[in-house]
Structures are given as C-alpha cells and as structure tokens.
Amino acid sequence: MPIPATSDRSQATDRLAASLFAEVLIAEQLSRNLISKALPRGMQISHFSVLNLLAHVNEERTPAQLAQAFHVTRGAMTNTLSRLEWAGHVHIRPDWDDARRKFVSISPAGRAARNAALAAFMPLIAEVVRDIGADRVRTALPVLRELRIRLEGDDD
C-alpha cells in the first residue's frame with residue numbers, strides 16, 4: 001500500500017526541521033566555545049551578555065527585566081549580577097520608591113570589560129562571516145531572526 005503524499009511531505013518537513021535545529025544547536029555550541037576562549041580571564045559569556053545589553057540600552061534595568069530578557073530564572077540572574085557587582089562591572093542600587101526592587105547599571109569598569117571582550121572575539125567572528133560571505137550571511141539572518149522570534153513566543 002503506497003504512503004500518502006502528505007505523509008512524505010510531513011516526513012520531509014520533520015527531517016528538515018531536525019537538520020535545522022541540529023545545525024543551530026551545534027553552531028551555538030561551537031560559537032560559545034570560540035567566544036569563551038577569547039573572553040578576558042574570569043569573564044563568562046553570561047557576564048558579557050549582561051554587560052553588552054546594559055551598554056546597548058544605556059539605562060538601568062531591574063534584575064527581573066534582565067532575567068526575562070535572557071530567558072533565565074531570577075536566581076540565575078541574581079548569581080550573574082552578584083559576580084558582576086563583585087568584579088566592579090555593575091552598580092546595583094535600591095529603588096528609592098520601592099525598597100523591594102533594585103536597579104542595575106553598567107559601571108565604567110564594566111563598559112571597559114565589555115569593550116575588551118568585544119575586541120578579543122570580534123575579529124574571530126568577523127573572520128567567520130568573511131569566510132562564509134557577507135551576502136550569504138545577510139540572506140540567512142531573516143530566517144534565523146524569524147526562528148528566534150517564534151521560539152521566544154513559545155516561552156509562555
């Protein structure tokens with residue numbers, strides 16, 4: 001008995017989805033390894049990511065907002081922020097209107113650490129883009145962006 005065409009399409013879509021996610025996961029792991037090796041001593045990707053976001057938005061955020069932005073628990077973000085505060089990379093202050101809430105901002109030392117990290121790994125990732133080709137990377141970005149947006153919507 002022949003298999004219906006819709007089943008063939010469904011299996012082909014499943015194989016395509018599996019291949020896409022395998023490539024994304026492997027690329028993510030390899031890029032994390034590349035960046036981790038290039039980061040300044042003692043800095044982790046999670047630290048850089050928080051510093052980079054704070055430098056980019058250039059305004060205070062609450063720990064809860066940061067946890068939500070990175071899709072991590074508040075406890076995980078508290079741990080990261082504690083390490084960054086200990087290193088002098090962020091300032092954490094109480095909310096003067098609501099003592100239960102805190103605000104986090106990047107310090108000058110944190111901005112310098114973020115810039116040093118960028119300087120360390122940017123040539124490595126720029127080389128990858130040059131090797132692949134800027135036009136091919138531009139073509140891939142909308143698909144990857146749509147994938148991210150759809151996956152962000154599944155967090156609820």
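The largest pocket here holds about 2,100 Å³ of space. Of the 38 residues lining that pocket, Val24, Ala27, Glu28, Ser31 and Leu144 sit closest to its centre. Keep in mind that this is a predicted model, where local features need pLDDT of at least 70, side-chain atom pairs count only at pLDDT 80 or more, and totals for chains, interfaces and linings use all residues. Residues are numbered from 1 along each chain as its sequence is written, and side-chain values use heavy atoms, with hydrogens and water left out.

**The largest pocket**

- A pocket, on a 1 Å grid over the protein atoms alone, is an open set of points where a 1.4 Å probe fits, with protein on both sides within 12 Å along at least five of seven lines; lining residues have an atom within 4 Å of a point.
- Its volume is the space filled by probe spheres set on the points, with grid points joined across faces, edges and corners.
- Rolling a probe the size of a water molecule over the atoms shows where empty space is left.
- Helices α1, α2 (45-57), α3 (63-70), α5 (108-132) and α6 (134-153) each put at least two residues into the lining of the largest pocket. Helices here are DSSP runs (H or I, at least four residues), numbered from the N terminus.
- Which helix gives the most to that lining? It's α1, with 13 residues.
- By type, the lining of the largest pocket splits into 26 nonpolar, five polar and seven charged residues.

- Leu20, Phe21, Leu25 and Leu151 make a nonpolar surface patch of about 340 Å². Such a patch takes residues with over 30% relative accessible area and no salt bridge, and joins nonpolar side chains (Val, Leu, Ile, Met, Phe, Trp, Tyr) within 5 Å.
- Accessible areas come from the Shrake-Rupley method with a 1.4 Å probe, and for residues only the protein chains shown count as cover.
- Helix α1 (residues 5-38) is the biggest giver to the patch, with three residues.
- Leu25 is placed in helix α1, and it counts as exposed because its relative accessibility is 56%. The cut-offs are under 20% relative accessible area for buried, over 50% for exposed, and in between for partly exposed (1.4 Å probe, protein chains only).

**Salt bridges**

- The structure holds eight salt bridges, each a side-chain nitrogen of Lys or Arg within 4 Å of a carboxyl oxygen of Asp or Glu.
- Side chains of opposite charge can pair when their charged atoms come close.
- Arg61 pairs with Glu59, with the closest N and O atoms 2.8 Å apart; Glu59 is partly exposed, at 48% relative accessibility.
- Asp95 and Arg101 also meet in a salt bridge (2.8 Å, N to O). Asp95 is buried at 7% relative accessibility, whereas Arg101 is partly exposed at 40%.
- Glu152 and Arg148 form another salt bridge, their closest N and O atoms being 3.3 Å apart. The two are separated by about one helical turn because they are four residues apart in helix α6.
- Glu152 is partly exposed at 35% relative accessibility, and Arg148 is partly exposed at 41%.

**Loops and a buried Phe**

- Asn58 isn't a glycine, yet has a positive phi of about 55°. Asn58 sits in the loop between α2 and α3 and is exposed, with a relative accessible area of 56%.
- His71 isn't a glycine either, and has a positive phi of about 55°. His71 lies in the loop between α3 and α4 and is partly exposed, at 47%.
- Is Phe48 buried or exposed? This residue of helix α2 counts as buried, since its relative accessibility is 9%.
- Phe48 and Val143 are 95 residues apart in sequence and 25 Å apart in space, C-alpha to C-alpha.

Definitions and conventions
Patch = residues over 30% accessible without salt bridge, like charges linked within 9 Å, V, L, I, M, F, W, Y side chains within 5 Å. Nonpolar A, V, L, I, M, F, W, Y, C, P; charged D, E, K, R; others polar.
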